[in-house]
Amino acid sequence: MEKQWEVILEDLKRNKADNDWVTDDTLLAGQTLENRHLLKHFLILEKGTLHLENQNSQILQFFTTGDIVFLSPYDMNVDTQLKLVCDQTAKIVFVDREYFLNFAANKASYMEWLLTSVLSNTSALCFELMKHDLPADERIVYTLQRLCQKTQPVAKEEYYEVPNFLNKTKMAQYGAMSRKNLYNKLEVLEENEQVKQKNEKVFVTTTAI
């Protein structure tokens with residue numbers, strides 16, 4: 001069954017009068033999306049994983065299939081402070097904001113989808129920022145669980161398997177701590193059975209902290 005964003009994309013592509021209104025691009029792991037793409041367009045992540053990071057390389061938020069990035073860093077005056085980086089090969093669709101808003105003016109469900117998506121992303125970012133009030137060990141568990149819940153909506157085991165692209169360096173950047181502190185905390189968490197490490201893979205408990 002098609003998801004709502006897939007139906008909307010198909011409709012937008014079918015009805016566009018200008019090729020620039022809906023375009024797509026593919027990013028490989030490690031590549032950075034140029035912010036200029038978000039001057040007139042917002043993006044829908046059709047496939048893959050991206051993360052938002054600041055100028056200190058701290059990872060603020062992950063985006064996965066079906067997520068959107070609506071606000072332009074230029075509109076927020078942070079175009080030199082934030083960037084989107086690809087973690088897994090990503091297919092990105094860019095939709096002209098004005099085209100979408102005009103189109104959605106006659107389709108209330110499309111506007112509702114946009115508002116719900118923007119609200120969801122904003123809420124998710126707020127929760128990501130709130131995690132910094134947690135002690136380091138709880139922050140690691142919360143951080144890993146958040147990502148796993150986005151990439152694995154249904155838990156089949158007692159532990160989530162942390163995606164391979166989240167190596168120890170990115171884990172530290174996402175948890176806002178040094179790698180040394182991360183290693184120490186992972187050992188403690190493993191003793192408490194909140195985290196498991198096996199064959200270079202990391203697993204985190206599905207139990208809420």
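The legends below describe close-up views of a predicted model.

**View A. Packing of helix H2 against helix H3**. In this predicted model, helix H2, which spans residues 97-104, packs against helix H3, which spans residues 108-130, at an angle of about 130°, and the two axes lie 7 Å apart. Angles over 145 degrees would count as roughly antiparallel and those from 65 to 115 as roughly perpendicular, and H2 and H3 are therefore oblique to each other. On the H2 side the contact is made by Phe100, Leu101, Phe103 and Ala104, while H3 contributes Ala108, Tyr110, Met111, Trp113 and Leu114. Sorted by class, the contact of H2 with H3 contains nine nonpolar residues, with no polar and no charged ones.

**View B. The second largest pocket and its lining**. The second largest pocket holds about 310 Å³ of space and is lined by 18 residues, of which Asp67, Ser117, Ser120, Asn121 and Lys150 lie nearest its centre. Helix H1 (4-15), strand E4 (59-64), H3 and helix H4 (136-151) each supply at least two residues of this lining, and the largest share, seven residues, comes from H3. By class, the lining of the second largest pocket divides into eight polar, five nonpolar and five charged residues.

**View C. The open sheet of strands E7, E9 and E8**. Three strands form this open sheet in the order E7-E9-E8, and their pairing is antiparallel. Strand E7 (159-161) and strand E8 (195-198) are the edge strands, each of them pairing on one side only. Neighbouring strands of the sheet are turned against each other by 25° on average, with direction ignored. Helix H4 lies across E7 and E9 and runs at about 95° to E9.

**View D. The hairpin of strands E8 and E9**. Strand E8 and strand E9, the latter covering residues 201-205, pair in the antiparallel sense over four bridges. Within this pairing, Val195 stands opposite Val204 in E9, and Lys196 stands opposite Phe203 in E9. As background to reading such a view, the side chains of a regular strand alternate between the two faces of the sheet. The hairpin of E8 and E9 has two residues between the strands, and Asn199 takes a positive phi near 50° there.

Note on methods
Residues numbered from 1 in each chain as written. Predicted model: local features only at pLDDT ≥ 70, side-chain atom pairs only at ≥ 80, totals over all residues. Heavy atoms only, no water. Axes fitted to C-alpha atoms, helices over the stretch in contact; angles between N-to-C directions. Parallel < 35°, antiparallel > 145°, perpendicular 65-115°, else oblique. Contact = heavy atoms within 4.5 Å. Nonpolar A, V, L, I, M, F, W, Y, C, P; charged D, E, K, R; others polar. 1 Å grid on protein atoms, 1.4 Å probe; cavity = no way out; pocket = protein on both sides within 12 Å on 5 of 7 lines; lining within 4 Å. Points joined across faces, edges and corners; volume = space filled by probe spheres on them. Pairing = 2+ DSSP bridges.
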